[in-house]
Amino acid sequence: MGLGGCIILIAAGAILTFATDWDMEGVNLDLVGIILMIVGLIGVTTFSSIARRRRVVVPPTTPVVGEEGHHHRRDGYSNGYGA
C-alpha cells in the first residue's frame with residue numbers, strides 16, 4: 001500500500017469517527033473509524049521507514065586525471081575519415 005492509500009485510510013477513519021452519526025445494528029462505526037486511522041498510521045510509518053532505507057547517497061564523480069587537455073572536434077571532417 002502506498003502513501004496515498006494510507007492517507008485515504010486515515011481520512012476515511014476520521015470521517016467515520018468524527019463526522020457521522022449513523023447507527024448500524026451490530027457495527028460500532030466509531031470503532032471502525034479508529035481502527036482505520038490506526039492502520040493508516042502504521043502504513044505511513046512503515047512506508048516512511050522503507051523510503052528512508054532506499055535512499056542511496058552517491059558520491060560526486062571526480063574527473064579522470066589527464067583527460068582535461070584532450071578535446072576532439074566532431075564536425076564531420078576531422079574524425080579520421082577522408083581528407
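**Reading the helices and the surface**

Author: On the other side of helix α1, the residues Ile8, Phe18 and Ala19 are exposed, where exposed denotes over 50% relative accessible area, buried under 20%, and partly exposed in between (1.4 Å probe, protein chains only). The model is predicted: local features need pLDDT of at least 70, side-chain atom pairs count only at pLDDT 80 or more, and totals for chains, interfaces and linings use all residues. Residues are numbered from 1 along each chain as its sequence is written, and side-chain values use heavy atoms, with hydrogens and water left out.

Reader: Which residues of α1 are buried?

Author: An α-helix has 3.6 residues a turn, so residues three or four places apart point the same way. In α1 the buried residues are Cys6, Leu9, Gly13, Leu16 and Thr17. Seen down the axis of α1, these buried residues fall within an arc of 95 degrees, so they line one face of the helix; the arc is that of the directions from the helix axis to the C-beta atoms.

Reader: How many helices and strands are in the chain?

Author: Helices (H or I, at least four residues) and strands (E, at least two) are DSSP runs, numbered from the N terminus. The chain has two helices and zero strands. Leucine 3 belongs to α1, residues 3–19, and isoleucine 34 to α2, residues 29–54.

Reader: What should the 17 residues of α1 span?

Author: The expected span is 1.5 Å times one less than the number of residues. For α1 this should be 24 Å, and the end C-alpha atoms are 23 Å apart, which agrees.

Reader: Which residues form a nonpolar patch on the surface?

Author: Patches are made of residues with over 30% relative accessible area and no salt bridge, like charges being joined within 9 Å and nonpolar side chains (Val, Leu, Ile, Met, Phe, Trp, Tyr) within 5 Å. A salt bridge is a side-chain nitrogen of Lys or Arg within 4 Å of a carboxyl oxygen of Asp or Glu. Here the nonpolar patch consists of Leu3, Ile7 and Phe47, with about 250 Å² of accessible area together. Leucine 3 is partly exposed, at a relative accessible area of 36%.

Definitions and conventions
Accessible areas come from the Shrake-Rupley method with a 1.4 Å probe; for residues, only the protein chains shown count as cover.
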